[in-house]
Amino acid sequence: MKLAFLGANRTVTGSSHLLQFGRKRILLDCGLFQGQRELARQVNQNLPDSPLDAVILSHGHLDHCGKLPVLVKSGYRGPIYLTPATADVARVVLLDSAEIQAEDADYLNRRALPGSTGPIRPLYTHADVHDVLKLFRRVGYGQRTDLGDGLGFTFFDAGHILGSAYVLMDWSEPGSDGRPAAHRSLLFTGDIGRPNTPVVRDPHPLTGPVDLLITESTYGARQHAKVDDIKPQLADAIQQITRQGGRLILPAFAVGRTQTLLFYYGQLIAEGVIQPLNLYIDSPMGIEISRITDQHRDIWDDETVALMTFAPVAAAARQVRFASSSQESRQINSDRGPCIIIASSPSCEFGRVLHHLKHSIERPQDMVLFTGWIPPETLGRRLQDGHRTVRIYDRRYEVRCQVRTLHGLSAHADGDELMQFLRPAIAAHTVAHVVHGEADQAEALAGKLLEAGAAAAHVPATGTTSHFPQDIHRPA
């Protein structure tokens with residue numbers, strides 16, 4: 001077994017890892033690198049230099065699936081294995097990505113200086129995405145898929161977002177010197193979610209050690225706020241804007257975060273803590289993902305199933321208003337409150353949330369409630385850091401609204417939760433590769449894996465390779 005690390009190494013974007021098993025070449029994830037424009041364009045045009053036999057996709061976030069159209073444009077026509085829910089989520093995410101790239105290219109071409117070198121073209125278009133969708137091969141949790149030559153894999157629920165999976169691969173190696181054939185295993189975590197979070201089920205527990213481990217480390221050295229702290233924070237914010245007759249604006253990710261907020265809102269209604277308010281979902285992708293989530297109730301956790309069949313919550317859910325068009329989005333701002341508006345994007349650098357901020361930023365009775373960490377040098381971060389004036393589009397505004405942050409909503413396991421999940425997979429022969437984390441987070445998790453008894457724990461750089469030693473055998 002040879003591993004090549006092609007993306008999300010010592011960083012958290014562009015997940016992509018190549019396995020070579022005999023004649024088989026398997027790509028684990030094909031994620032888009034997100035970063036400085038020119039660097040991102042260069043990285044996102046890089047592909048494996050030899051033909052592939054299959055792609056296995058862990059989940060539908062852009063940094064894990066977003067480069068699939070580039071791969072297919074280059075001529076790939078093999079299967080793309082993914083869970084049924086991931087197929088639905090990835091379709092929406094990829095089409096949205098194609099739209100954004102087209103708009104971005106059009107904007108840059110209109111601003112191009114005379115004499116510049118040719119028009120900028122998007123990495124891919126809607127047509128390219130539809131070519132990807134034709135290659136999707138839906139595989140349910142717990143169903144082993146044979147890839148040939150004795151190599152197979154099984155998806156298990158990763159508890160990260162709807163449809164997310166970790167991948168357990170298995171194969172046999174012929175014995176030597178009279179030894180019996182060795183049964184081998186590789187675990188690729190994708191992204192692992194937190195236990196006891198709503199909508200998605202907890203990560204499916206691991207049942208035994210593996211020979212090879214490729215694990216994410218997004219929060220390898222950090223601890224999140226307790227999940228139990230989320231609901232009281234949200235309740236207090238809603239109660240306050242209800243008393244003040246204001247607007248509560250929640251800049252939130254369309255995939256996962258929006259649906260989690262809806263769950264907590266329903267739970268607070270069910271418990272009688274709040275009364276239903278006008279609640280608007282103002283994100284076309286958030287609306288589509290919410291509908292997809294409703295279609296996959298078979299993989300909800302039990303708590304969510306019970307909540308959504310409770311009559312008062314079901315009634316409140318029917319009253320949620322979805323703003324699909326620009327006109328419907330503008331109409332929201334005629335509601336001066338009390339109301340709740342969930343809109344993308346979390347950084348407040350683009351998207352419909354900017355129009356709602358314009359109407360609320362100078363109103364003391366209104367509140368902006370961020371739902372997690374915001375990247376530096378963004379409008380959202382400036383608000384989060386307490387700046388008293390900010391620019392929205394072409395005008396500066398005084399910040400008179402309230403600004404808070406809701407802690408504990410991450411869809412990623414923290415360092416302790418990740419180790420709790422991984423510990424059953426670690427044995428004295430386990431060789432670990434720690435990816436999908438900034439260098440300090442990855443190094444910290446590598447240290448914890450060694451303390452747990454792993455034989456080795458590497459933090460690979462992009463472009464490096466690793467060979468699984470043929471002479472490693474399980475201890476008797």
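**A walk through the predicted model**

The largest nonpolar core holds 66 residues, and I56 and M169 have the most contacts inside it. A nonpolar core here is a set of buried Ala, Val, Leu, Ile, Met, Phe, Trp, Tyr and Cys residues joined through side-chain atoms within 4.5 Å. Buried means under 20% relative accessible area, exposed over 50%, and partly exposed in between (1.4 Å probe, protein chains only). Helix α4 (residues 84-110) supplies the largest share of this core, 9 residues. Helices (H or I, at least four residues) and strands (E, at least two) are DSSP runs, numbered from the N terminus.

This is a predicted model: local features need pLDDT of at least 70, side-chain atom pairs count only at pLDDT 80 or more, and totals for chains, interfaces and linings use all residues. Residues are numbered from 1 along each chain as its sequence is written, and side-chain values use heavy atoms, with hydrogens and water left out.

Look at M169. Leaving aside neighbours within four places in sequence, M169 is in contact (heavy atoms within 4.5 Å) with L19, L28, I56, L147, L151, G152, F153, R184, S185 and L186. A second, separate core has 33 residues, among them A235, V313, A316 and I342.

Now the sheets. Two strands pair if DSSP finds at least two bridges between them. L19 stands opposite I26 in β3. Axes are lines fitted to C-alpha atoms, for helices over the stretch in contact, and angles run from 0 to 180 degrees between N-to-C directions.

Another open sheet has 6 strands, ordered β14-β13-β15-β12-β16-β19, and its pairing is parallel. Here β14 (321-322) and β19 (402-405) stand at the edges; each has a single partner strand, so one side of each lacks a neighbour in the sheet. Strands β12 (residues 247-251) and β16 (residues 367-370) pair over 2 bridges, and I249 stands opposite V368 in β16. Helix α6 (residues 230-244) lies across β12, β15 (339-343), β16 and β19, at about 165° to β19.

S344 is in the loop between β15 and α12 (353-360). S344 is buried, with a relative accessible area of 19%.

On a 1 Å grid over the protein atoms alone, a cavity is a set of points where a 1.4 Å probe fits but cannot get out, and a pocket is an open set with protein on both sides within 12 Å along at least five of seven lines; lining residues have an atom within 4 Å of a point. The second largest pocket has about 420 Å³ of space. Of its 20 lining residues, L262, S290, D294, M308 and A317 lie nearest its centre. Helix α7 gives the most to this lining, 6 residues. The largest cavity has about 40 Å³ of space. A volume is the space filled by probe spheres set on the grid points, which are joined across faces, edges and corners. L234, I238, L250, L261, Y265, L279, I340 and I342 line the largest cavity.
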